[in-house]
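Here's a quick briefing for anyone meeting this structure for the first time. Have a look at the sequence and the 3D view, then read on.

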Amino acid sequence: MAEQPVLSIKNLKTYFYLEERVVKAVDGVSLDVYKGRITAIVGGSGSGKSVMSLSILDLVDNPGKIIGGEIWLNGVNIRDLREKQLLKIRGKEISMIFQEPISSMNPVLKVKSHLFEVIRTHKRAISNKEAVRLCRDVLVRVGLRNTDQIMESYPFELSGGMCQRVMVALGLLAQPQILIADEPTSSLDLTTQAAILEELMRLKNAGMAIVLITHDLGVVAQMADDVYVLKDGKIVDSGTVYDVFESPRHEYTKALLAAIF
Amino acid sequence: MGESMNLFEIKNIYKCYNKKEKPKIYAVYNTNLTIRKGEILGLVGESGCGKSTLGKLLLKLEQPSRGRIMFNQRDITDYSFNQMRKIRNSMQMIFQGNANAFNPYFTVEQIISEPLNNYSHESKEKKREKIISMLEQVGLNQTYLTRYGHEMSGGQRQRVGIARALILHPEFVVCDEAVSSIDYAMKNQILTLLTDLKQQFGLTYLFISHDIAAVNKLCDRVVVMYLGNIVEIIPTINSNVQHPYTKALLAATLIPNPRKREKNRVLFKDTEELKIPEKGCVFQNRCLYTREVCQTEQPALAPKTSEHYIACHFYHNH
């Protein structure tokens, strides 16, 4: 690929320092993410997928620590940045759709407050009226109607699918270049899943770089351009989606694919 | 097919949860279904469509608001708790969400001995023997006897759930989402296990799932439900499906092959209104083919062939 990656991770290591041992959740991961492509990260539960995605935005909590590696975003190694500078990148350059939308939102805040928090962090100068208009636009873009009613709702008042859409809307609000989606459709119905995936496809076609973290090989086969297979914190296989599905190199990938029916 | 081949027959079953409020909301609406002896009947549909409620109605864990339930030619609709207790050892359920289906203070031995304590008066040693042989049949061993629910992985808990359901050698088992939320390798193992156990014990299953691939692999017939109504009954969910909702489900299924990408994955109108319409077809608000008659008349479940039933006014011309 001649094009430069928008996000390039080199030898990233995130370890958890527990009392009696060290857990190497991410152990030397390198990967590239390109504009207008969907990069899927596949692995079983406990393979380090989610910790890796949290590490990109430096969101790993104690006792976890990023102990090495580089994360290059548009020619800047964001591992060198301070917390204050990172705040400007989170949500604006790289944003994230978290797993389990209902528990990822603050249960005592309305949807409106969640959306406003993003706006106030990244676009301070605009008026309240303008902000409301922005929120409505983004909610319509992710396929929600009744936007006024949704903005006045609390997360628990929405269905799983609606909540996931609000989550996507939150991720899109500051128009990021890169969207990291951690299991965006597990626990959703087939039909709702189809609608959310359609939405991600549309974003990709509009030029966004998407990192899709999932254990569902169906989602990967249908959506991804590039695939990385993660096992015990290490990348064991990678390539285009056709490479990985049709000529898997690692035994683990072969085992994963053999289990499909 | 003779009458005696039917294990379950349910006739015009309704289940309504908010009796006092209006409008009434039905989880199951005017449903007729027979389950034949020895078959694996699949039940698919999205969350909140009444799948689990239907399963619970069969076992009388829920009392139907209207309609009759026949089990082995006996009308069990009005059976009392004690009457049900006598026949309940022949019908069991593998519950959804296996993490919450066990008492957290119980060890595996206690979990599995619970049904035995209710129905058999054997010695402790005899029971223990039975439990161990059951555990081995589901691919675990006696080292698991002293474990608690939280000390096991999802797949292991699922197996314990299966062992608990089968320990009394029932005739009929409701498997409520027995393979959802576990990964592919484990799913394959559990499906093989269910098939083996079925052959060994001559079981009849109602297999509730939203996993179309698993349902196709396992089931003899599949019932498709939408908002409390049966919209289609078909041997397998494949290109023969006729109802627009089943077509939408099939299109939304993700095929794990990058060369077979679905271009048109969304074959339904997206609405947030998921209530049963007051009259007409249940799927009218999301159907791509809705016409006037769909808003006024509810289509009956009509046979296309002897094994294929569809509830749609226009199934022959879209």
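Two residues count as in contact if their C-beta atoms, placed from the backbone, lie within 7 Å. What you're looking at is a predicted model, where local features need pLDDT of at least 70, side-chain atom pairs count only at pLDDT 80 or more, and totals for chains, interfaces and linings use all residues. Residues are numbered from 1 along each chain as its sequence is written, while chains are lettered from A and ligands numbered from 1 in the order in which they are written.

**Confidence**

- For the complex, the predictor gives an ipTM of 0.75 and a pTM of 0.82.
- pLDDT is the predictor's confidence in each residue, from 0 to 100; chain B averages 88, and 95% of its residues score at least 70.

**Where the chains meet**

- A word on names: helices (H or I, at least four residues) and strands (E, at least two) are DSSP runs, numbered from the N terminus.

- Strands pair if DSSP finds at least two bridges between them.
- Six strands of chain A make an open sheet with mixed pairing, in the order S6-S7-S8-S3-S9-S10.
- Strand S6 (94-97) and strand S10 (234-240) of chain A sit at the edges with a single partner strand each, so one side of each has no neighbour in the sheet.
- Axes here are lines fitted to C-alpha atoms, for helices over the stretch in contact, and angles run from 0 to 180 degrees between N-to-C directions.
- On average, neighbouring strands of this sheet are turned by 15° against each other, direction ignored.
- Strand S3 (residues 38-42) and strand S9 (residues 226-231) of chain A run parallel, joined by four bridges; Thr39(A) has Asp226(A) as its bridge partner in S9(A).
- Helix H8 (residues 190-205) of chain A lies across S3, strand S7 (178-182) and strand S8 (209-214) of chain A, and it runs at about 150° to S8(A).

**An enclosed strand in chain B**

- A residue is buried if 20 or more other C-beta atoms lie within 10 Å of its own, exposed if 12 or fewer, and partly exposed in between, with C-beta atoms placed from the backbone.
- Five of the five residues of strand S3 (residues 40-44) of chain B are buried, so this strand is largely enclosed by the rest of the structure.
- Ile40(B), Gly42(B) and Val44(B) point one way from S3(B), and Leu41(B) and Leu43(B) point the other way.
- S3(B) pairs in the parallel sense with strand S8 (residues 204-208) of chain B over four bridges, and Gly42(B) has Phe207(B) as its bridge partner there.
- S3(B) also pairs in the parallel sense with strand S9 (residues 221-226) of chain B over four bridges, where Leu43(B) has Val223(B) as its bridge partner.

**The nonpolar core**

- In soluble globular proteins, nonpolar side chains tend to be buried together.
- A nonpolar core is a set of buried Ala, Val, Leu, Ile, Met, Phe, Trp, Tyr and Cys residues joined through C-beta atoms within 7 Å.
- The largest one has 168 residues, and Ile210(A), Val220(A), Cys175(B), Leu206(B) and Phe207(B) have the most contacts inside it.
- Helix H7 (residues 160-172) of chain A supplies the largest share of this core, eight residues.
- Leu206(B) touches, among others, Ile35(B), Leu41(B), Leu43(B) and Cys175(B), not counting residues up to four places away in sequence.

**Domains of chain B**

- Chain B is divided into domain 1 (3-226) and domain 2 (232-318), with bounds from an automatic or database domain assignment.
- The C-alpha centres of these two domains lie 27 Å apart.
- Contact between them involves 12 residues of domain 1 and 15 residues of domain 2 of chain B; S9(B) gives the most to the domain 1 side, with five residues.

- Most residues other than glycine have a negative phi, and most peptide bonds are trans.
- Asn62(A) and Pro63(A) are joined by a cis peptide bond, with omega about 0°.
- Asn11(A), in strand S1 (residues 7-17) of chain A, has a positive phi of about 50° although it is not a glycine.
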